[in-house]
Amino acid sequence: MGSCDLSLLTPLVFFSLLLASHHVQVHSAIGVNWGTVSFHKLRPSTVVDLLKANKITRVKLFDANPDALRALMGSGIQVMIGIPNEMLSTFNSDLFVRQNISRFIGKGGADIRYVAVGNEPFLTSYGGQFQNYVVPAMLNLQQSLLRSNLASYVKLVVPCNADAYQSNVPSQGMFRPELTQIMTQLVSFLDSNASPFLVNIYPFLSLYGNSDFPQDYAFFEGTSHPVLDGPNTYYNAFDGNFDTLVAALTKLGYAQMPIVIGEIGWPTDGAVGANLTAARVFNQGLINHLLSNKGTPLRPGSPPADIYLFGLLDEGAKSTLPGNFERHWGIFSFDGQAKYRLNLGLGNRGLKNAKNVQYLPSRWCVAHPSRDMTQVADHFTRACSEADCTTLNDGGSCSQLGEKDNISYAFNSYYQLQMQNEKSCDFDGLGMVTFLDPSVGDCRFLVGVTDKHLSSSAKSMARWSIYHICIGVVVWALTA
Ligand SMILES: *[C@@H]1O[C@H](CO)[C@@H](O)[C@H](O)[C@H]1NC(C)=O
Ligand SMILES: *[C@@H]1O[C@H](CO)[C@@H](O)[C@H](O)[C@H]1NC(C)=O
Ligand SMILES: *[C@@H]1O[C@H](CO)[C@@H](O)[C@H](O)[C@H]1NC(C)=O
């Protein structure tokens, strides 16, 4: 496996040189989750350029998307690929390694370092439907990696939701009783392969789901409600949650197991507590906290090895079952534009926007100014059931629009989703195409992007619309 030995060596040598020449401290590495459940997808190469421009060297994918992996080839970015929960029961590990790992890895390839087996497969709301497939799939995959000589390079992990463990105070943390056996097998496997425990931590969801949750405890700016736990005091939800996991791992005999944060972040829209300021304060507070190397009361001086922010881009086609905020987790909007000032601690002071984004033409669909809108309800409902109107609701960036602008917003979302197909702005004569941007204040009327070069022929436009409707239906079916 000569080519892989080379790619293993190079970063090590480089890193030692870096240490020798600059005396840099070893910090937590900041990566991002790159989800693609979007109606308007950027070209993968545009996304990889965005990662590079922001000096982001770790990325987590939710599957083994071949276009993303191809775009990541030769980028030097370390990659975690995922295996969706639904695939675990019929999982063919040899084939997976061949199709989704070996093919991309090696010199000049994609630097796949981790495979996430399932995504939060033990989530309480799944009612246990995936949990028995996780360990067998992992053991099979490990055998396949061994046979391909990749086991020392590609590590297996299982991203867990923080609902896998519980307690009133961090030091009493334990895994949910029904998971004890699986967790014992899982952490013993992780330990014998020097793999970290992966956990997703969301103080936003604690705040959103619980009106008693002290708001300042979700952030890193100090709190009037610290949690007292024996000799330790907790000033933020992240530390408290992290140490609850440390305690749970300690109970199973793995007090030293490395922990990686697979997802963490704050949404900017679609709920009262989801806004640009809160997201910036949370993410910047988190990054500063990690880079301070302070660690937590149970792991002083030892913060998580890596964290992956959730997420890179907004994903406007995600299910809104958790809440309207679900489509607004990006540090960048769907088209790769920075939403707020954020210093990732990676060398740039702020975020750099995506370049060479392929937008559709600058035109919007709005409610016809001189038509009577009393019959618009069905059109409005249908437009918003297919396209994204989440910003119109309470706490959203467009919740202050009047009735007519509301309709325009819905019409435009649908029109862009249909790749500006002329017919999609008809709405029985109630719609009208305009060349003037109807955006007001923080409420942005989007112009779609395309991951392909635009063709001027109407025929190809129509084909694209059908393609997007199909994607919409598939996404709907998967998430409904
Ligand atoms: C490889 O990954 C793709 C994308 O996630 C998936 O559709 C396919 O089923 C995977 N192959 C195997 C053999 O699991
Ligand atoms: C933004 O969210 C924070 C908490 O998440 C909240 O305290 C604040 O009032 C919100 N700001 C606005 C303008 O809604
Ligand atoms: C705009 O639409 C949203 C979502 O349907 C609704 O909650 C809101 O009340 C509407 N506003 C007006 C002024 O009609």
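This is a short tour of the structure above, stop by stop, with something to select at each one.

**Before you start**

The model is predicted, so local features need pLDDT of at least 70 and side-chain atom pairs count only at pLDDT 80 or more, while totals for chains, interfaces and linings use all residues. Residues are numbered from 1 along each chain as its sequence is written, and chains are lettered from A and ligands numbered from 1 in the order in which they are written.

**The whole protein**

Colour by secondary structure and you will find twelve helices and 17 strands; these are DSSP runs numbered from the N terminus, with helices being H or I of at least four residues and strands E of at least two. Of the 480 residues, 44% count as buried. Buried is 20 or more other C-beta atoms within 10 Å of a residue's own, exposed is 12 or fewer, and partly exposed is in between, with C-beta atoms placed from the backbone. Among contacts with a separation of 6 or more, 72% join residues 24 or more positions apart; a contact here is two C-beta atoms, placed from the backbone, within 7 Å.

Next, select Val 115, Ala 116, Val 117, Val 158 and Val 199, which have the most contacts inside the largest nonpolar core, a set of 104 residues. Helix 8 (residues 237–251) gives this core its largest share, eight residues. Such a core consists of buried Ala, Val, Leu, Ile, Met, Phe, Trp, Tyr and Cys residues joined through C-beta atoms within 7 Å. Leaving out residues up to four places away in sequence, Val 115 touches Ile 81, Ile 83, Leu 141, Val 154 and Leu 156. A second, separate core of 24 residues includes Ala 367, Cys 389, Leu 417 and Phe 427.

**Tyr 165**

Now pick Tyr 165 in strand 7 (residues 165–166). Why does Tyr 165 count as buried? Because 22 other C-beta atoms lie within 10 Å. Beyond its neighbours within four places in sequence, the contacts of Tyr 165 include Phe 175, Arg 176, Thr 244 and Leu 245.

**Helix 9**

Select residues 276–291, which form helix 9. The buried residues here are Ala 278, Ala 279, Phe 282, Asn 283, Leu 286, Ile 287 and Leu 290. They cover an arc of only 150 degrees around the axis, which puts them on the same side of helix 9; the arc is that of the directions from the helix axis to the C-beta atoms. Among the elements covering them are strand 1 (29–34) and strand 12 (259–264). Just after helix 9, look for Asn 293, with a positive phi of about 60 degrees.

**Helix 11**

Move on to helix 11 (residues 403–417). Eleven of its 15 residues are buried, so helix 11 is largely enclosed by the rest of the structure. Just after it, Met 419 has a positive phi of about 55 degrees.

**The ligands**

Finish with ligand 2, surrounded by Gln 215, Gly 273, Asn 275, Thr 277 and Ala 278; a residue is near a molecule if its C-beta atom, placed from the backbone, lies within 6 Å of it. Around ligand 1, the residues include Asp 63, Met 87, Phe 96 and Asn 100.

Notes: The expected span of a helix is 1.5 Å times one less than its number of residues.
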